[in-house]
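This report concerns aromatic rings and the residues around them. Please look at the sequence and structure shown here before reading on.

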Amino acid sequence: MIVAALAVPFVVGLLLMVTQARVSGPYAAGIGAAAMAAALVLYALVWEGRDVVSGEVDVAWIDPLGARLHLGVTAVSWPFVLMTAGIGVLCCLWLVADDTAPALVGLVLVITASAMGVFSSLDLLLLFVFFELALIPMWFVIAGGRDSGSGEARRAATRFLLFTVSGSALLLVGIVLVARDSGSLDMTVIAGGPVVAAVLIVLGFAVKTPVVPLHTWLPDAHSIAPTVGSVLLAAVFLKLGTYGLILGSLLLPDSFAEVAPYLAIAGAIGIVWSGFACYAQDDLKRLVAYSSVGHMGFVVIAISTRSEVGLAAAVFGSVAHGIVTALLFFAAGSMKDRYGTTSMSAIRRGLYGRAPWLAVVFVFAAVASLGLPGLAGFWGELLSLRAAYEVGVVLTRPVAWTALGLALLGIALTTAYFVRAIRLLAQGEPTRQDADRDLDRREVVVMGALVVAAVVLGLWPRTVLHLVDGGFDETVTYHGSYQPLDGS
Amino acid sequence: MSIPVDWVQTGPAVIVMVGAVVGLMVDAFYPRRTWLGSGLPATVATVAAGVELIARHDDNGAPIFALSLIVLVGTLFVVVASNIMNFENAIPPGEYHFLLLSSASGALLMVSARDLVTLIVALELLSLPSIALVGLRQGDRVAIRSAWTFFLASVVSTAVTLMGISLLYGITGTLDYVRLGEGLSRSDLPDSVVAVAVVLTLVGLLFKLGAVPFHAWIPDTYAGASVMVAGYLSAVSKAAALGALLMVLDVALPYSRETWQPLVAIVAAATMTIGNLGALRQSDAIGLLAWSSIAQAGFLLAPAAALFTLHGLSAPVQYLAVYVLANLVAFAALAVVLRLRGSTRFDELRGLARTDPWMGLPLVFAILTLAGFPPAVIGLVAKYVVIRPVVDGDDVWLAVVMAVNVMLGLAYYLRLVVILLARPEGERYVSPSPPFSVRIAKTTVLLGTAGLIALSAWPDLLLSHLP
């Protein structure tokens, strides 16, 4: 079933790229949305329970390397997969506009399918192949947007690509090291690896997450990409990083412990850094992009505690960030469609009076993002803070509490810059512009779905949390052979 | 001194040599102007040599078998793809095929050589015809200059190697690989002399491989040679050099490991870095491939630094197989482009994958294979294969240098890919219905690409069957 769920979007995506102009844009987007919906349904049906690997497929692939085509979803990866598929559907729906190039829909499908491939790989080399597969299509999405031809877009896309590839090249060396020591690339077999491997793997995924100071590719790429590109980057691509870090902490428990303190501090610095950076932004998309660095900081701190709460916080935080940030970028995209810019001073104040529903959605997304209780963003941050407070298995108290203190400061900053953004855009005396226009049907559908998801996750966090609330000891079964770190 | 002849090893080389001579004779008495007719003896001889090689194949000497096979397949590819030069009138086909096959038989001898004299003879047999091949283009001053550069560099490096060999002979009293290995295992030898002898011996092979600091001839030579000759040099000639190097290190010099291991590691690291940095500055596809082939030589050399780990010997051979195929596809595709459009500069290549997808997309795939980037999974797997022994041998620093170079490489490979996939400027280019000879070359490119795609879908095909 997993194979079908991956094959459908891949094949449809490739066909759309090949057929080029022979199908109209909206039609192609419709096909794409259907393909992604099919993948979503298949992945939802594949679930067999949190204690087993669901929908396992295990076929011989490259014997001499010990690599196998081993697919399956676990309690950790399932939420990621579903979120990715859902975002894929919404991105395709978003593209049901008159001026969409069918090839763009194809690229979106290939990117989403590759990300789902990463989340459902149980073999490290297979994971790596999927990880890289999405990069070149992403280059074209970033560089080929509405500002295409501009050297700036190309530079941003190339910087994104080179950063990621440098990370993933180190990751490859890390994988080789792990395979050398475990004699296998299979995650259900791997038990530990040397510290060098943990360093390389964490570095590789940290570029993607991104962890400060490896984040410099992010603001440009996110803000220049077309709307769906930004959504995919923020909601899906960053999750490849956090998912990889979670994997690293699970597969290499002992060596990960050596790296964890640095990771925690880097995450905390990222939170504060992004807070200050956001406060200085005028461009809404850049603001959202920088805010991602902060949100990922919380997830990184959670992962670095390697505790039960930390795992729950990391998974929940990742999924919630995917939904909320996608909503923010869609809202920003709507503004860009109307005003041709996302500069807050150019859009002017008083959106409440000019395009009420757009303003409401934006404000909703902003407060969800800053962590208002009852919405999705809240639980990830709260659990993260709790994980840091309880210190966890591998951190020392000074490190964990330093991270906690910085994170608390970061929450205040986050509130400050989102409130500033709300004041600059939504409130105030309306200054009407010709382009003022409220949400159309397509936007209502896409944003409505995300709003509902954010509310559901906020009110019933257990929908995700019950998957991982057993923590490292019970939940993450890679066929039971994984030995958790129990402090001994 | 009697030299025993082992027909299992030399059979294919002799067949290729006979094919070369027959081709020359046929050309002398029945001069043909079409490349297809002129290339017929060469094609038959290469195929026959391949059949002979496979028929006599047994399990010992697996790396030699694999290397010979790579050389033969590469040569066949070059022979067939050279049809692109039909009616160009710049190169006489008879001589071309004679020189090509002579050189190829040298390559075959080189990988199966078992003593240093054979090695030197084979090295010269490989080099001299290929120098002539470079300078063969009539009335082309650049080609002559390139041939001169190549010639001088080649002669100097062979002389240095001879010096090393004579030192080795002086120390051990033998030139046979196995006995040399035994001789060097004695502990009463003067270390410094052995070290000098080993290093000097390796120089000639590193030169052929195009490793830093003996790489300077490559860009110049490739620029002057016709495209398929450059392809031949980058693929077959390099395969022979690598094969000979591996055999010498593995059989003759295992006891001098402390001397050459750090040297090979450092040379590998420097080669890939300098090659990649050079490629970054190119604005012509041929120049880019020339520099990238230097960088690839570094990747070929790196696992040799970990030769005595479990996969130390098979890894470079497997990487070589992928590299040779991808590089030949790229060169052949560029040869077609050069023939049809007259230039391989980046601005000429813009949008090739859209205007001429049957040439542009194979080129994209070959380049992605060289870069080691999905969807060309085989390229990525090959990178994994060469990093593995290096990590096994505990040279993590070298593995990290390799990782950084994968990234550096991608920077320029991707630039070319983006240019190929970009929207073409101006009006749509309609290629005139190509002549038969061009179609043959195109078919070769497509077959090679089909091979790469098949390997990407199922890398086991290569990894389980080559050593």
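## Burial and the model

A residue is called buried when its relative accessible area is under 20%, exposed when that area is over 50%, and partly exposed in between. The structure discussed here is a predicted model. By the definition of burial, both Phe80(A) and Phe119(A) are buried.

A pair of aromatic rings is described by the distance of the centres and the angle of the planes. Over all chains, the count comes to 21 aromatic pairs. One of these is formed by Phe80(A) and Phe119(A): the ring centres are 5.2 Å apart, the planes make an angle of 35 degrees, and the pair is tilted.

Phe80(A) belongs to helix H3 (residues 77–94) of chain A, whereas Phe119(A) belongs to helix H4 (residues 102–120) of chain A, so their pairing ties together parts that are 39 residues apart in sequence. Ring pairs also bring in Tyr243(A), which is linked with Phe80(A) and Phe119(A) in a cluster.

## An edge-to-face pair

Trp139(A) and Phe140(A) form an edge-to-face pair, with 5.2 Å from centre to centre and 75 degrees between the planes. Phe140(A) counts as partly exposed because its relative accessibility is 23%.

## Charged residues over rings

Lys208(A) lies over the face of Phe131(A), 4.6 Å from the ring centre. Arg397(A) lies over the face of Trp401(A), at 4.6 Å from the ring centre.

Key. Residues numbered from 1 in each chain as written. Chains lettered and ligands numbered in written order. Predicted model: local features only at pLDDT ≥ 70, side-chain atom pairs only at ≥ 80, totals over all residues. Heavy atoms only, no water. Phe/Tyr/Trp six-rings, centres within 6.5 Å; stacked < 30°, edge-to-face > 60°. Helix = DSSP H or I, 4+ residues; strand = E, 2+ residues; numbered from the N terminus. Buried < 20%, exposed > 50% of the residue type's maximum accessible area, 1.4 Å probe, protein only. Lys NZ or Arg CZ within 6 Å of the ring centre and 35° of its normal.
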